[in-house]
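Dear colleague,

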Amino acid sequence: MTQQAALRRRSFARRAVGQGSPVRRMDGLMMLAIAALAVIGTLLVWSSTRSWMSVQPTGMAKKHVLNILIGLALFLVVAMTDYRRLQTAAPGIFIAALIGLLLVISPMGATINGHHSWITLGGGFAVQPAELVKPALVLILARCLVKPAEKTGRPRLVSVALCLGATGITAALVMLEPDLGTTMVLLVITGGVLVLAGVRKRWIMLFVLLGGATAAAVWSLGLLKPYQVARFTALINPASDPRGVGYNSTQALVAIGSGEIFGKGLFHGGQTTGRFVPEQHTDFIFTVAGEELGFLGSVTVVLLLGVVLLRAVRIARQCDDRFGALVAGGIVCWFAFQSFVNVGMTIGIMPITGIPLPFVSYGGTAMFANMMAVGMLQAIRIRGYGRRAA
């Protein structure tokens, strides 16, 4: 029996990692880049939280590692699943995500760090449904646009209308929290998927005009919260109120600039240790990289994110299946825009919106959503274009 058990184990190992196995067909370069980002993120979270967690200086870093491990488990489940099953499951996944958003604005919702975006689970755990709605929206958009009209090969008008309806409902629920940053991400995902699906240019222009008109209406009717308006004001002139609305932007620039080329060294950043930049382990974690790792460390983070994006673009381009290509393209739009906004708000070229840096910032739900998205990318690579992958 022992010999038979050993043979079974060897057979399973060969199927799992042998030639032609799903693991061997994954994009290794993408996974190496994500692993590097996760390691850097853990060190930066540790550095930015140890000064105010005197009882347990490594507490937040340990939670971050736990989040990464849970995210890795979710990644494996999604990556080993035939992504075409997600096409069938997309409506159910999307509805579940909407239910999560509804629970947030119900009495079950909770406010953490000033944001009413959470559902507490007890035992110190909480989930942020707005993060989980991102992969759900990508799936439902790809599902709606998977069958183009005959002869033209372009999406049908009814399909575009369904996409806009799904995005409108989702964005409205997210804005009720309110979460302007996530709403921006959802709109960019929708616009990107529509473009990739081959929507006519005049429809794209109409989408842009509708978005602009909606933004103008929201602004003119005073639907934005005062702090949200102040963030846009601070982007234009952060020096106008350096102790108020411009404080975060000013301190972020000071932290990044003080790192110069090589940085002050891990755990040796004065701005970081002194907690001059709020939420430095989440939204402003790039400032820790700038101060302690310097320009070279910051560029390394950006380059690693670039590797993830380029490999995801490769997966989208080489996928033979329209649904898989649209899903991969939507994830590229999501990661690219979110990374640009997060880095941009720390160097003063984008408004402060509270968007985490993918794979680096502290945040369990965001990490779970990111890793599930990577799982979808790898599932598409494994089954979407066979042996053409390189």
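This is a predicted model: local features need pLDDT of at least 70, side-chain atom pairs count only at pLDDT 80 or more; totals for chains, interfaces and linings use all residues.

Residues are numbered from 1 along each chain as its sequence is written, and side-chain values use heavy atoms, with hydrogens and water left out.

Overall composition

The protein chain has 14 helices and 3 strands; these are DSSP runs numbered from the N terminus, with helices being H or I of at least four residues and strands being E of at least two. Of its 390 residues, 48% are buried (buried means under 20% relative accessible area, exposed over 50%, and partly exposed in between, with a 1.4 Å probe and protein chains only). The protein chain exposes about 18600 Å², and carbon and sulfur atoms supply 67% of that area; accessible areas come from the Shrake-Rupley method with a 1.4 Å probe, and for residues only the protein chains shown count as cover. Among contacts between residues at least 6 apart in sequence, 71% join residues at least 24 apart, where contact means heavy atoms within 4.5 Å.

The sheet

The 3 strands form an open sheet in the order β1-β2-β3, with antiparallel pairing; two strands pair if DSSP finds at least two bridges between them. Its edge strands, each pairing on one side only, are β1 (109-112) and β3 (125-127). Neighbouring strands of this sheet are turned by 60° against each other on average, direction ignored. Between β1 and β2 there are 3 bridges, and Gly109 stands opposite Ile119 in β2. Strand β2 (residues 115-122) is likewise joined to β3 by 3 bridges, and Gly122 has Phe125 of β3 as its bridge partner. Helix α4 (residues 84-104) lies across β1 and β2, running at about 100° to β2. For this and the other angles between axes, the axes are lines fitted to C-alpha atoms, for helices over the stretch in contact, and angles run from 0 to 180 degrees between N-to-C directions.

Thr365 is found in α14 (residues 364-384) and counts as buried, at 4% relative accessibility. Setting aside residues up to four places away in sequence, Thr365 touches Trp118, Ala126, Val127, Gln128, Glu131 and Leu132.

Packing of α5 and α13

Two packed helices are described by the angle between their axes and the distance between the axes. Helix α5 (residues 129-145) and helix α13 (residues 322-346) pack at an angle of about 145°, with their axes 9 Å apart. On the α5 side, the residues in contact are Lys134, Pro135, Val138, Leu139, Ala142, Arg143 and Leu145. Those on the α13 side are Arg322, Phe323, Leu326, Val327, Gly330, Ile331, Trp334 and Gln338. By class, this contact has 10 nonpolar, 2 polar and 3 charged residues (Ala, Val, Leu, Ile, Met, Phe, Trp, Tyr, Cys and Pro count as nonpolar, Asp, Glu, Lys and Arg as charged, and the others, Gly among them, as polar).

Backbone features and a buried alanine

Most residues other than glycine have a negative phi, and most peptide bonds are trans. Glu177 and Pro178, however, are joined by a cis peptide bond with omega of about -5°; Pro178 lies in the loop between α6 (157-175) and α7 (180-196). Phe267 has a positive phi of about 75°. Phe267 lies in the loop between α10 (247-258) and α11 (270-273), and is partly exposed, with a relative accessible area of 24%. Glu279 also has a positive phi, near 50°. Glu279 is found in the loop between α11 and α12 (285-318) and is partly exposed, with a relative accessible area of 33%.

Ala289 lies in helix α12 and counts as buried, at 1% relative accessibility. The C-alpha atoms of Ala289 and Lys264 are separated by 10.0 Å, the two residues being 25 residues apart along the chain. Not counting residues up to four places away in sequence, Ala289 touches Leu44, Gly294 and Ser298.

Yours sincerely
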